[in-house]
Amino acid sequence: MKNIILIMGVLVFIFIIAATYLIPQEVPMINIDESINMYIVADPHLMSEKMTDDSDTFNNYLSTVDRMMKYTGFFLDVIEDEVKRNRPDIVVYPGDLTNNGSKVNHQEFEKHLKRVKATGAKVYVVPGNHDIGNEKALYFRSDKLHLTESITYDEFSKIYDDYGYKDAVSKDENTLSYLVKPYQNLWLLMLDTTKDYPEPGGYLNRDTLKWIVTCSDMAKEENAEIVVVMHHNLLDHSEIIWEDYTLDNNTSVINTLHECDIQVVLSGHIHIQDIKSHTSVKTGNTIYDIATSALPVFAHQYGQLTYSPSRGYDYETIKPDIEKYALDNKIEDENLLSFNEYSEKFFIDNLCRKHKESIELLDISDEQKEEVFKTVTEMNKKYFSGYRNEALEKLIETEGFKIVEGLDECFIQEYIMGMIKDQNADNNKIHIPVNN
Ligand SMILES: [Fe+2]
């Protein structure tokens, strides 16, 4: 009798395992008044602690990069905590997953994805220009910088098989782009946009554009919306910084995406928070390119896209409370416990350095240079965080701004004036109704 019960128990166990893993799970539908949440974590640039040491060489390197490299792993821990607490349905990573594409960094990033996926979220990635075949994959040991192994094109799709490639309903033959169907009525077109790894520029060739149209035809047949996720930008997010950020052939890509009635593109790469749109003269439809700022760059935030078939898309940025996380998790690092002050100083020292150098060249007094630098840093902080135009009103009243206005044409003037004649005042929030 005991043996029969044991055998029955084993059979039930085998049946449960088979039902969980072997029988294909039905793709869920988002009902008309329901909504789903998607997190967008852009440009995390993970550098494993295994690749660093506490040396002068490493500390000097930290001061040469715009991103807070020392804490890239910590920022991903914060994301994990946000995901565990808020349970988004989907988490997407639009490229530059790692610092300079080293294999060790990819292996550690995959472990982060595993933990995020364990919460029940659907997780998808695409590569960014830093992630593959990078000859500058580096690590620090004994106060020296060393080169290390990066990964190949094929290795990328193997490492990240569980985060998109395995579930793809269609894969592009020419790139690492793929199509997934997380919901019956909401599909994600994950595009691999790097032109020539690890060069920074982006491009989509003619065959990939044809494949995109095929994907769109499939979606239209099943009444599904498509959201595009890609590393490079579809539209220019700055009048002066666009080369190698915007896709080289963005006119063709814009036309193709309009033809497919796609409304939302989620990108990264430029490291600033910005939303731009383009309206088709032919159809009157508008496409939005929402560039989410890089996680390890000021203002250290991520994006959230909510989709409901009746209400459309709502995007907003979320800025995690780093100081609270550090305190709650008993982290003893003073930089993290006083993160607001530390990140501001880091931003001024690292990201505003080039602007300081430009200001030094101006033919004005030292006091005036100081006033200009003060205004430029304040405006830059807002600019990186996604604020433009009237959101900068107070700063337009400053002495520094008036000095910049009176200068002869120069880089710093062009850069500052660009901030006050932008498409949106607040690039942290947008509502996009669904086209009918
Ligand atoms: Fe990046």
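**Reading a two-domain model: a tutorial**

Mentor: The chain is divided into domain 1 (36-320) and domain 2 (352-419), with bounds that come from an automatic or database domain assignment. This is a predicted model, in which local features need pLDDT of at least 70 and side-chain atom pairs count only at pLDDT 80 or more, while totals for chains, interfaces and linings use all residues. Residues are numbered from 1 along each chain as its sequence is written.

Trainee: How many residues does the contact take from domain 1 and from domain 2?

Mentor: Two residues are in contact if their C-beta atoms, placed from the backbone, lie within 7 Å. Here the contact takes 11 residues from domain 1 and eight residues from domain 2, and the C-alpha centres of the two domains lie 31 Å apart.

Trainee: Which residues of the largest nonpolar core touch the most other members?

Mentor: In soluble globular proteins, nonpolar side chains tend to be buried together. A residue is buried if 20 or more other C-beta atoms lie within 10 Å of its own, exposed if 12 or fewer, and partly exposed in between, with C-beta atoms placed from the backbone; a nonpolar core is a set of buried Ala, Val, Leu, Ile, Met, Phe, Trp, Tyr and Cys residues joined through C-beta atoms within 7 Å. In this model the largest such core has 110 residues, of which Leu189, Val228, Val229 and Leu266 touch the most other members. This core draws at least three residues from each of domain 1 and domain 2. Leaving aside residues up to four places away in sequence, valine 229 touches Val92, Pro94, Tyr124, Val126, Leu188, Met190 and Leu266.

Trainee: What is the order of the strands in the open sheet of six strands?

Mentor: Strands of a sheet pair through backbone hydrogen bonds, either parallel or antiparallel. Helices (H or I, at least four residues) and strands (E, at least two) are DSSP runs, numbered from the N terminus, and two strands pair if DSSP finds at least two bridges between them. The order in this open sheet is 3-2-1-13-14-15, with mixed pairing, and its edge strands, each pairing on one side only, are strand 3 (122-126) and strand 15 (429-432). Strand 2 and strand 3 run parallel and are joined by five bridges; isoleucine 90 stands opposite lysine 122, and proline 94 has valine 126 as its bridge partner.

Trainee: Are the two faces of strand 3 covered or uncovered?

Mentor: In a regular strand the side chains alternate between the two faces of the sheet. For strand 3 both faces are covered, with Lys122, Tyr124 and Val126 buried on one side and Val123 and Val125 buried on the other.

Trainee: Where is serine 142, and is serine 142 buried or exposed?

Mentor: Most residues other than glycine have a negative phi, and most peptide bonds are trans. Serine 142, in the loop between strand 4 (138-141) and strand 5 (144-147), has a positive phi of about 50°, and this residue counts as exposed because 8 other C-beta atoms lie within 10 Å. Histidine 45, in the loop between strand 1 and helix 2 (56-62), has a phi near 45°, yet this residue counts as buried because of its 27 C-beta neighbours inside 10 Å.

Trainee: Which residues does a cis peptide bond with omega of about 15° join?

Mentor: That bond joins phenylalanine 298 and alanine 299, and alanine 299 lies in the loop between strand 12 (286-291) and strand 13. The peptide bond from tyrosine 197 to proline 198 is also cis, with omega near -5°.
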